[in-house]
Amino acid sequence: MAIRTRLAIWFSILVAVVLTLSALIRYTGYKQALQSRQDYSLRVVADILDSSIPRHSPTKNEVQTAVARMIREYPDIELKGILIEVYDSSRAVIFISSLSEAQQFHITEDIWKRTQHKEVSLTTIPAGSDNGSIRILTKPIFYRNKLIYIIQVGSSTNDIEETLESIFLFNILIIPLSILLIGIGGWFLAKEALKPLEAIITASHHISSGDLHHRIPASDTSSEISALTRAFNQMTIKLQSSFQQIKDFSENVSHELRIPLSILRGQTELSLKRSRPVEEYRNTLESNLEEILRMENIVERLLFLSKAERGELKLEKSELDIRDLSEWAFAQFKLQAQEKNINLILNSENSVTVYGDEVLLRELLLNLIKNAITYTNEGGSVSLSIGRSDEGAVISVADTGIGIPEKDIPHIFERFYQVDKSRSTQGSGLGLSICKWIVEAHNGKITVESAYGKGSEFSVFLPSPDRNG
Ligand code: ADP
């Protein structure tokens, strides 16, 4: 069942309960008010009668005269349809008003007992002639502690019953009508309030069919719904960027692997075209091995980054002398530097200790020095300086190489970003993103300064042991 229908039904049920309860309370209140007003009128008439009848043992005649005079003096009594009967102490009727002739009251045993105790009783009896009932007040009159006569005044409850009946009919008509109107109104209101949800549903359909550009227009109908809209749009933006990253990633991986694979394929196909001397096969295999190593390197770097991002790489930290690590790293590139006639310079006066993961920090230095040698022309120099700053250790790798164009500097730490493929045949654009991850895993930071055509300097800041825990 649709939410709006359910809301409308709940709303109607609630309204039905509230209206019925309030109608019941009002009905009972009216009934009591009308009855006590009638009882009050009867009491007033009984009191007037009591005061107009003589106190001593009056004769039947005296009573009749006194009552008839009183009725004449208060014409309202007859007008209001009040019936009057007077009995003597032996329960014999001594007066009946003209209105009461058709309806004679009785002093029942129960009332009689109460009169003995000087109690005023109020009873309701069914009317003799027409429908309805009669409310009777019985008042015993005592003189010197002796019951001398009993006054009974009564009036029909028809008026009260009619009033109550019309209230009842009014409610019977109004309550269902209100419930119906409120139900319909509630349905439309709920429909209006839930309209933004329809936009969310439409957007979900678009998204599930692959259109992540779809956004829900901001609505200010209700703060909850607009909060939901905002959250939904934010989620879509995040999804879109994740999907874009995945797409870029797959494209980059395919692109990076396609070049070595097509080299491998071309060389292998060429070798197989005709038989060749062993030396040529050897050369082809050596070249193929180079491509295989390149692919292996890409795959290993990708695995490293994905493990790092999944949090699967645990740092094994220890106190390390950065100068020792730098000397070791320089040693790895001695041959390569000699081949390119590049001067390797290590500037470090004192040993600098850092608290870090040895394997990762070695990898960091290798990447930075490798890049510096790769992007420096023959005869240039690469210098590694180690020092201390207020924040901890500073390692910088500077070269006199080709530099990085200004527009590329903000991107070089991005995965697969290469300034210009023609600058290096070896690169894959993953080295610096690995460096960045390693430095950040040590709570440090890496920066670059470069002058295009003059050289670059990469600086790594690693916090002191007490700072990075
Ligand atoms: P690659 O494996 O292609 O070198 P990196 O992530 O290590 O990838 O570097 C990204 C890009 O930054 C490279 O394509 C390169 O052009 C540029 N770069 C990195 N180091 C230097 C450097 N020392 N001198 C000039 N350019 C550099």
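Select Asp110 and Arg114: their side chains meet in a salt bridge, 3.1 Å from N to O. A salt bridge here is a side-chain nitrogen of Lys or Arg within 4 Å of a carboxyl oxygen of Asp or Glu. This is a predicted model, where local features need pLDDT of at least 70 and side-chain atom pairs count only at pLDDT 80 or more, while totals for chains, interfaces and linings use all residues. Residues are numbered from 1 along each chain as its sequence is written, and side-chain values use heavy atoms, with hydrogens and water left out.

**Stop 1: helix 4**

Stay with that pair. Asp110 and Arg114 are four residues apart in helix 4 (residues 109-116), so about one helical turn separates them. Helices are DSSP runs (H or I, at least four residues), as are strands (E, at least two), numbered from the N terminus. Asp110 is partly exposed at 43% relative accessibility. Arg114 is partly exposed too, at 25%. Buried means under 20% relative accessible area, exposed over 50%, and partly exposed in between (1.4 Å probe, protein chains only).

**Stop 2**

Select Lys436 and Glu440. Their closest N and O atoms are 3.3 Å apart, in a salt bridge. They sit four residues apart in helix 12, so again about one helical turn lies between them. Lys436 is partly exposed at 30%, and Glu440 is partly exposed at 44%.

Now pick Glu312 and Arg310, whose side chains form a salt bridge of 2.8 Å, N to O. Glu312 is partly exposed, at 45%. Arg310 counts as exposed, at 54%.

Next, show Asp47, Asp50 and Lys139, which are linked in a network of salt bridges. The whole structure has 14 salt bridges.

**Stop 3: the largest pocket**

Select Arg301, Lys370, Asn371, Gln426 and Gly427. Of the 46 residues lining the largest pocket, these lie nearest its centre. A pocket is found on a 1 Å grid over the protein atoms alone: it is an open set of points where a 1.4 Å probe fits, with protein on both sides within 12 Å along at least five of seven lines, and lining residues have an atom within 4 Å of a point. The volume of this pocket is about 1,100 Å³.

Colour helix 8 (278-310), helix 11 (358-374), helix 12 (431-441) and strand 12 (455-463). Each supplies at least two residues of the lining. Helix 8 gives the largest share, 10 residues.

Key
Grid points are joined across faces, edges and corners, and a volume is the space filled by probe spheres set on the points.
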